[in-house]
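Hi,

Here is the structure I promised to pass on. Please open it and keep it beside this note while you read.

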Amino acid sequence: MSAGHPKIRAVFDCMVFSTRCRSTREPSGCVSPPCRVRAIELCISEAIVSEIRDVLTRPRVRQRFPTLTDDLIEGFLVALGKRSLMIPVVPHVFPYERDPKDEPYINLAIASGASYLVSRDTDVLDLANPTNADGARLRHLAPLLQILDPLSFLTELRRKSETVPGQ
């Protein structure tokens with residue numbers, strides 16, 4: 001995407017971030033590649049940052065990934081903050097009884113006007129199903145929101161970049 005084309009707003013769930021951070025030794029490498037693409041405006045909130053910090057500092061996670069140090073986590077969170085749009089107030093407009101832990105991501109996507117919610121979580125991904133009643137409720141609140149897994153999101157980014165003249 002070039003100048004003059006709006007950025008694509010996206011919300012990533014915690015597992016998308018934590019998977020990337022656990023697989024690298026460099027803080028700058030923790031932020032998933034789509035965050036580095038200038039066409040993406042990644043949206044975060046304090047609740048999301050808190051969950052990422054909580055997940056990455058859990059003793060079980062740290063034991064499984066010994067290279068995941070306090071410095072790496074802090075570097076990741078600093079880099080994330082620099083490359084993201086912090087949404088300071090996220091109203092709770094979408095209760096999700098199936099998995100209330102997913103509500104902060106869904107509500108952030110609504111509040112930020114995100115085009116994409118990227119997740120590996122089946123409870124979130126099921127909201128994209130046209131026959132899902134909760135998904136229908138979400139589409140009423142955010143009709144342009146697409147819910148994709150990370151691979152599908154990257155495929156969509158490639159497709160969009162190929163359709164932009166001059167790219």
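Two strands count as paired if DSSP finds at least two bridges between them. Bear in mind that this is a predicted model.

Start with strand E1 (8-12). E1 and strand E2 (residues 40-44) pair in the parallel sense, over three bridges. In that pairing, Ile 8 stands opposite Ile 40. E1 also pairs with strand E4 (residues 116-118), again parallel and over three bridges. There, Val 11 has Leu 117 as its bridge partner. E1 is mostly covered, with four of its five residues buried.

Next, Asp 13. Asp 13 sits in the loop between strand E1 (8-12) and helix H1 (14-22). The Asp 13 side chain does reach the backbone nitrogen of Met 15, at 3.2 Å. Leaving out residues up to four places away in sequence, Asp 13 touches Tyr 105, Val 118, Ser 119, Arg 120 and Asp 121.

Last, helix H4 (residues 46-56). Its buried residues are Ile 48, Val 49, Ile 52, Val 55 and Leu 56. These cover an arc of only 130° around the axis, so they lie on the same side of H4.

Best wishes

Conventions
Residues numbered from 1 in each chain as written. Predicted model: local features only at pLDDT ≥ 70, side-chain atom pairs only at ≥ 80, totals over all residues. Heavy atoms only, no water. Helix = DSSP H or I, 4+ residues; strand = E, 2+ residues; numbered from the N terminus. Polar contact = N/O pair within 3.5 Å; in protein donor to acceptor, adjacent residues only side chain to side chain. Contact = heavy atoms within 4.5 Å. Buried < 20%, exposed > 50% of the residue type's maximum accessible area, 1.4 Å probe, protein only. Arc of directions from axis to C-beta.
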